[in-house]
Amino acid sequence: MERKETVSAEGLVKYFGSEPVLRNVSFSVEAGTICGIIGRNGSGKSVLFKCLTGLYIPDSGKVRIDRDSLGALIEEPGFLLHYPGLRNLVYLMEIGGKVRRDAAEEAIRLVGLEPGDRRPVRKYSMGMRQRLGIAQAIMEDPDILILDEPMNGLDNEGVRDMRELFISLKNKGKTLLIASHSREDIEILCDRVYEMDKGRIALVR
Ligand SMILES: Nc1ncnc2c1ncn2[C@@H]1O[C@H](COP(=O)(O)OP(=O)(O)OP(=O)(O)O)[C@@H](O)[C@H]1O
Ligand SMILES: [Mg+2]
């Protein structure tokens, strides 16, 4: 049976000024798998993710991805700090055009937060904000998830919970692309691993 590739990039090049930050990046992610991207600070992981999600337009090359069924967490999630978590997610759903309050509540529960928490996000800890960012990425039940260092700021229990969550999403047939600096997360989670180095990408396993 042919294996479907849900996310792919072909020959991506991205410049900032005269500096190439992505140099001919080609790779693909098989549907229903978890793909990891590792690489040093500044190697181009986040820029690649921004090109995949449409936040940046590459100077050349091609991205193939179904943006209608995409959830993403790229660097720090931007929330309205004076609103509670649930209100933030509902607000983001409103921008997307279809509000499902129950789905927002469920996503908040799945990441270990409390939907009824009335505190504004400004009073959340870093790890709580990160959890809310993951909730935002999964709340519309997308087929593809692009997560840039999703474990940032999480305590051990948080890391364990999110690993379980990501594996359960994969088992439901979702496709995940995760950038991480944690060797352990990559070992445990990923079916395939790429490494970025100064804007180039190579398959590690
Ligand atoms: N908006 C921008 N303008 C100019 N240069 C940028 C911009 N965004 C990223 N860069 C540069 O692109 C390069 C790659 O950055 P990127 O954020 O993709 O690294 P990264 O692999 O995600 O690193 P980290 O592990 O620290 O998250 C860096 O040299 C960075 O300075
Ligand atoms: Mg980054």
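Predicted model: local features only at pLDDT ≥ 70, side-chain atom pairs only at ≥ 80, totals over all residues.

Tutor: Residues are numbered from 1 along each chain as its sequence is written, with chains lettered from A and ligands numbered from 1 in the order in which they are written.

Student: Which strands stand at the edges of the open sheet of three strands, and why is one side of each left without a neighbour?

Tutor: Strands are DSSP runs of E, at least two residues long, numbered from the N terminus, and two of them pair if DSSP finds at least two bridges between them. The order in this open sheet is β2-β1-β4, and the pairing is antiparallel. Each edge strand has a single partner strand, so one side of it has no neighbour in the sheet; the edge strands are β2 (19-30) and β4 (60-64).

Student: Which residue of β2 is the bridge partner of Leu 12?

Tutor: Strand β1 covers residues 5-16 and pairs with β2 in the antiparallel sense over eight bridges. In β2, the bridge partner of Leu 12 is Val 25.

Student: How many residues of domain 2 are in contact with domain 1?

Tutor: The bounds, from an automatic or database domain assignment, are 1-66 + 143-205 for domain 1 and 80-141 for domain 2. Residues are in contact if their C-beta atoms, placed from the backbone, lie within 7 Å. Domain 1 brings eleven residues to the contact, and domain 2 brings nine.

Key
Helix = DSSP H or I, 4+ residues; strand = E, 2+ residues; numbered from the N terminus. Contact = placed C-beta atoms within 7 Å.
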